[in-house]
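Open the model in your viewer and keep the selection panel at hand. The tour goes from the whole chain to single contacts.

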Amino acid sequence: MKIIYHEDYVNYAGYSFDPAASSGRITPIIKEIKEKTDYEIIKPEPASEEDILRAHTERHVKHIRSDKNLYYIASLAAGGAIKTAEIAYNNKEAAFGVIRPPGHHASADSCWGFCFFNNMSIALLKLMAENKIENAFILDFDLHTGDAF
Ligand SMILES: [Zn+2]
């Protein structure tokens, strides 16, 4: 199984000071994965603005871009979702993105809940734009529901 992860997801703590969004929350996950030999960790690249704009308005992207560091980590999270989806689609194998910041509270033109870009929507809309998929099933296992996109 491929695990999509970038160390900046942990090292960049500046987007929230709330313990609920602490960067250390994924540290034990990665520690456990690194001890297993049947996982390969893949490092993603930030999503392109073209990819992000499939899911968000220009106004929203401009708003996030006004904080250079926030834009970097939010686009890196979206890029992690894209990489995860591409590996799963192209290799027909299970892939899991260990990504932060999360995205299920990011709508086309707004966001809250420590989410900035809707990572899943960006990834799936990219696969749709490339005519690779027509639909997808999303299982959101957060303790509460995400926002409708
Ligand atoms: Zn949530």
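**Before you start**

This is a predicted model: local features need pLDDT of at least 70, side-chain atom pairs count only at pLDDT 80 or more, and totals for chains, interfaces and linings use all residues. Residue numbers start from 1 along each chain as its sequence is written.

**Stop 1: the whole chain**

Show the protein chain as a cartoon. Six helices and three strands make up its secondary structure. Both kinds of element are DSSP runs, numbered from the N terminus: helices are H or I with at least four residues, strands are E with at least two. Trace the elements from the N terminus and they read β-α-α-β-α-α-α-β-α. The radius of gyration is 15 Å, close to the 15 Å that the globule rule gives for 149 residues, so the chain is as compact as a globular protein of that length. That radius is taken over C-alpha atoms, and the globule rule is 2.2 Å times the number of residues to the power 0.38. Along the principal axes, the C-alpha trace spans about 45 × 40 × 30 Å.

Colour by burial next. Buried residues account for 34% of the 149 residues. A residue is buried if 20 or more other C-beta atoms, placed from the backbone, lie within 10 Å of its own.

**Stop 2: the sheet**

Select the strands. They form an open sheet in the order β2-β1-β3, with parallel pairing. Strands pair if DSSP finds at least two bridges between them. β2 (40-42) and β3 (95-97) stand at the edges with a single partner strand each, so one side of each has no neighbour in the sheet. Neighbouring strands are turned by 25° against each other on average, direction ignored.

Zoom in on β1 (residues 2-4). Three bridges join β1 to β2. Which residue is the bridge partner of I3 in β2? Pick I41.

Angles run from 0 to 180 degrees between N-to-C directions, and axes are lines fitted to C-alpha atoms, for helices over the stretch in contact.

**Stop 3: α5 against α6**

Display A77, A78, A81, I82, T84, A85 and Y89 in α5; they meet N119, M120, I122, A123, L124, K126 and L127 in α6. Contact here requires C-beta atoms, placed from the backbone, within 7 Å.

Methods. Buried ≥ 20, exposed ≤ 12 C-beta atoms within 10 Å, placed from the backbone. Contact = placed C-beta atoms within 7 Å.
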